[in-house]
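Please walk me through this protein, with attention to its charged side chains and its helices.

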Amino acid sequence: MIDDRMRGPGHGATTVWVYDERRRVRDDVAGRLVALPFVGRVEVVGDAVALQQRLATRQPDVLLVGTQRAVDTGLTVATQVIRNHPGVPVLVLGAPDDAETVRAAVAVGARGYLRWDASALEMGLGLSRVGLRADGRPPQPSPAPVPLASVGAPAPAWATPLNGAGPRAVSTTVREAPPAVTLSMREMQVLTGMSQGKSNAQIGRELYLSEDTIKTHARRLFRKLGAKDRAEAVATGFRRGMMS
């Protein structure tokens with residue numbers, strides 16, 4: 001079964017497909033995706049055979065595949081798509097603390113991992129990291145890989161690309177790219193809140209964490225980004241492509 005969800009004229013042209021056997025999950029994820037300004041079409045797919053048939057005739061800009069701890073059908077579908085249609089970027093959807101699925105997703109060649117409960121903003125960040133543009137322009141070639149956070153910890157809300165060619169030197173005068181920085185899920189959420197002008201107390205209320213805990217995450221992300229304050233951290237996040 002495939003359902004189409006269309007946006008009105010004037011919105012982005014990006015097409016995203018969501019595969020999950022559970023209707024509630026795929027409908028919930030689709031509802032967050034259609035809120036993104038660069039997404040023009042979302043199709044939700046609940047049947048693996050129907051998905052493969054549709055891929056044989058046309059392909060999305062990105063495919064999200066839902067997984068479950070109890071069964072491996074989601075990873076099986078992701079593996080089949082990656083093998084049969086290597087040009088389709090695949091992101092795996094799963095529980096935030098499912099390290100085993102993160103490892104499996106890396107092994108089969110998925111571009112990244114998204115939490116089921118990621119907000120629309122976090123999903124947008126994840127999609128942007130596999131080459132989708134927030135300005136509605138066509139997807140770009142796969143970016144250089146940025147390591148996932150330790151798979152022993154909760155998977156980040158935003159997807160991190162796992163494949164892709166590294167940058168090529170253009171001339172000897174071009175400055176080398178800064179070393180890759182990996183922020184934890186919480187650090188990314190705190191940085192996102194900072195970019196929205198929220199105080200530590202506001203961020204803490206939204207994440208159900210104490211203000212002191214938010215300050216601890218802030219100090220850690222400042223250290224990782226080499227920033228001395230909020231403004232520099234946010235600017236560095238945008239400059240490194242962590243945020244859009």
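The model is predicted. Side chains of opposite charge can pair when their charged atoms come close. Counted with a cut-off of 4 Å between a side-chain nitrogen of Lys or Arg and a carboxyl oxygen of Asp or Glu, the salt bridges number 10.

One of these joins Arg41 to Glu43, with 2.8 Å from N to O. Arg41 has 22% relative accessibility, so it counts as partly exposed. The pair also belongs to a network of salt bridges, in which Arg41 and Glu43 are linked with Arg54 and Arg58.

Another salt bridge is formed by the side chains of Lys228 and Glu232, at 3.2 Å from N to O. Lys228 is exposed, because its relative accessible area is 68%, and the class begins over 50%. Glu232, at 26%, is partly exposed. A further bridge connects Lys198 with Glu206, where the N to O distance is 2.7 Å. Glu206 is partly exposed, with 47% relative accessibility.

Helix α3 covers residues 73-84.

Next comes the loop between α7 (200-207) and α8, where Tyr208 is found. Most residues other than glycine have a negative phi. Tyr208 has a positive phi, near 60°. The side of the chain on which Tyr208 sits is open to the probe: Tyr208 counts as exposed because its relative accessibility is 77%.

Helix α8 spans residues 211-225 and contains Arg220. Arg220 is one of the residues in a positive surface patch, together with Lys215, Arg219 and Arg223. To belong to such a patch, a residue needs over 30% relative accessible area and no salt bridge. Arg220 has a relative accessible area of 38%, so it is partly exposed.

Terms used: Residues numbered from 1 in each chain as written. Predicted model: local features only at pLDDT ≥ 70, side-chain atom pairs only at ≥ 80, totals over all residues. Heavy atoms only, no water. Patch = residues over 30% accessible without salt bridge, like charges linked within 9 Å, V, L, I, M, F, W, Y side chains within 5 Å. Areas by Shrake-Rupley, 256 points an atom, 1.4 Å probe, with all protein chains shown as cover. Lys, Arg positive; Asp, Glu negative; His and termini not counted. Charge placed at Lys NZ, Arg CZ, Asp CG, Glu CD. Helix = DSSP H or I, 4+ residues; strand = E, 2+ residues; numbered from the N terminus. Buried < 20%, exposed > 50% of the residue type's maximum accessible area, 1.4 Å probe, protein only. Expected span 1.5 Å × (residues − 1).
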